[in-house]
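Let's take a walk through a protein model together. Have the picture ready, and take it one stop at a time.

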Amino acid sequence: RLQDLCSGSVRAALVSNYMIDAPWFAQEFPDLVSSEELIVCHDGKSGMRREAEALWGELKRARLRHGLGSGGRGRLVVHAPDLPIPYGTHHSKFFVLVYTDGRLRLIIHSANLLHGDCTHKTQAVWFQDFYAKKPGDVTCAFEVDLLAYLGALGLPRECGGFLGEVGKVDFSKARALGLVASVPGYHRGGQRDRYGHMRLRGILSRQRWPTEFKESDLVCQFSSLGSIDEKWLMSEFTESMASQMASDREWFDREVYLADLEREGVKLGKFFPFFHGQLHLVWPTVAEVMGSLEGAAAGQSIPGYEKNVTKAFLQPLYRKWGRCPAAPHMKFYGRFSSGCREPRFCWAAVGSHNLSKAAWGCLQKKETQLFVRSYELSVVVCGTEATVPVPFQWPLKAYDKGRDVPWTVG
């Protein structure tokens, strides 16, 4: 359980989420509520002032029951990151926990802090404990990306001490290829490649995979589907997911590959010509949602609006959720060896990113600018070094034509 990962002698905690049921959180995460320093980041869309005040009030009362908040003991910070872009959200879901023994635990996951999310839905979580730097330890990319994202949240000055503690930790042993953060804005120049799917592209382009993955398939599993178009999905986003070190495939070099094709008289398709595998989208059917543990109620946490889900180009890409009766709320992306009876991935990513331009960003102005609406955080792991569990049906199975209907709301 997520609650079990957040137990123990926690001295300071940063909790980031989209939705938080404060009374339930206070009851289920007592070691966080009773920590000396508790920082909570939540979504602060326009019109949610009353909810923010209620969150603050409930947490303050809960901490008073632990003897905190009176006489200057302890610190509580409830913060809503700035949302400068319309329709953007603060959607990242993670914990940064500092224990009394000096270790730091980073937990990146997909669950809202609600009873239903943590008991009746399928979620994904990645976590690891880290320890203080030793003399001579250097800063690594994982640390830079984590601190940059925490900085982008715009935490109040009083959180400076907590951020300073994070900066003293050695993240060089992270069992991950890297972090993928999304931050609202119009990112240009060197900032363009720091966020969203361009950050994923950068991480993957430094990897060399075994030959079995050279022309292998991609899978996206998500619990919300934005208003995406065919060109963005099949060209821009697919290029990022299909990236790998150039020396492993001659066609990764755009100019060289396109020049070769032109000399050979090959006519290119209208979308990304460098990926020759299949793209699979795992999205539950109406029957799967209705037959889940919560029935139709679970579908409210799978907001796929009809106008987005029923686009013609998406229909051949849908794959069943399958065997797990707990409805999906996790988000999973990866590249796997095609034709295997058991899942074998070269990489996989889990976290808060759903399949949308708002979350992953979209390139603009001749690809010189990445436009992102929301705050997100996911982690990319190497599947060739560890088993990547998948709760959805495997092998992937297409919808039964004429019988299966994708789940929609609204």
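Before we look at who sits across from whom, here's the ground rule: two strands pair if DSSP finds at least two bridges between them. Keep in mind, too, that this is a predicted model.

Start with strand β18, residues 369-372. Strand β17 (residues 362-364) runs antiparallel to β18, and 3 bridges join them.

Now, which way do the side chains of β18 point? Gln369 and Phe371 go one way, while Leu370 and Val372 go the other, and all are buried.

Next, hop over to an open sheet. Its 7 strands come in the order β3-β2-β1-β4-β5-β7-β8, with mixed pairing. At the edges you'll find β3 (75-79) and β8 (169-170), each pairing on one side only. Further in, strand β1 (residues 10-16) and strand β4 (residues 94-99) pair over 6 bridges in the antiparallel sense.

Let's zoom in on one residue of β1, Ser16. It stands opposite Phe94 in β4. Is Ser16 buried or exposed? Its relative accessible area is 1%, so Ser16 counts as buried. What is Ser16 in contact with, leaving aside its neighbours within four places in sequence? The list is Cys41, His90, Ser92, Lys93 and Phe94. For a sense of scale, Ser16 and Leu147 are 131 residues apart in sequence and 14 Å apart in space, C-alpha to C-alpha.

Our last stop is on the surface. Val286, Met290 and Val405 form a nonpolar patch there, and together they have about 240 Å² of accessible area. Val286 belongs to helix α11, residues 286-290. Because its relative accessibility is 30%, Val286 counts as partly exposed.

Key: Residues are numbered from 1 along each chain as its sequence is written. This is a predicted model: local features need pLDDT of at least 70, side-chain atom pairs count only at pLDDT 80 or more; totals for chains, interfaces and linings use all residues. Side-chain values use heavy atoms; hydrogens and water are left out. Patches are made of residues with over 30% relative accessible area and no salt bridge: like charges are joined within 9 Å, nonpolar side chains (Val, Leu, Ile, Met, Phe, Trp, Tyr) within 5 Å. Accessible areas come from the Shrake-Rupley method with a 1.4 Å probe; for residues, only the protein chains shown count as cover. A salt bridge is a side-chain nitrogen of Lys or Arg within 4 Å of a carboxyl oxygen of Asp or Glu. Helices (H or I, at least four residues) and strands (E, at least two) are DSSP runs, numbered from the N terminus. Buried means under 20% relative accessible area, exposed over 50%, partly exposed in between (1.4 Å probe, protein chains only). Contact means heavy atoms within 4.5 Å.
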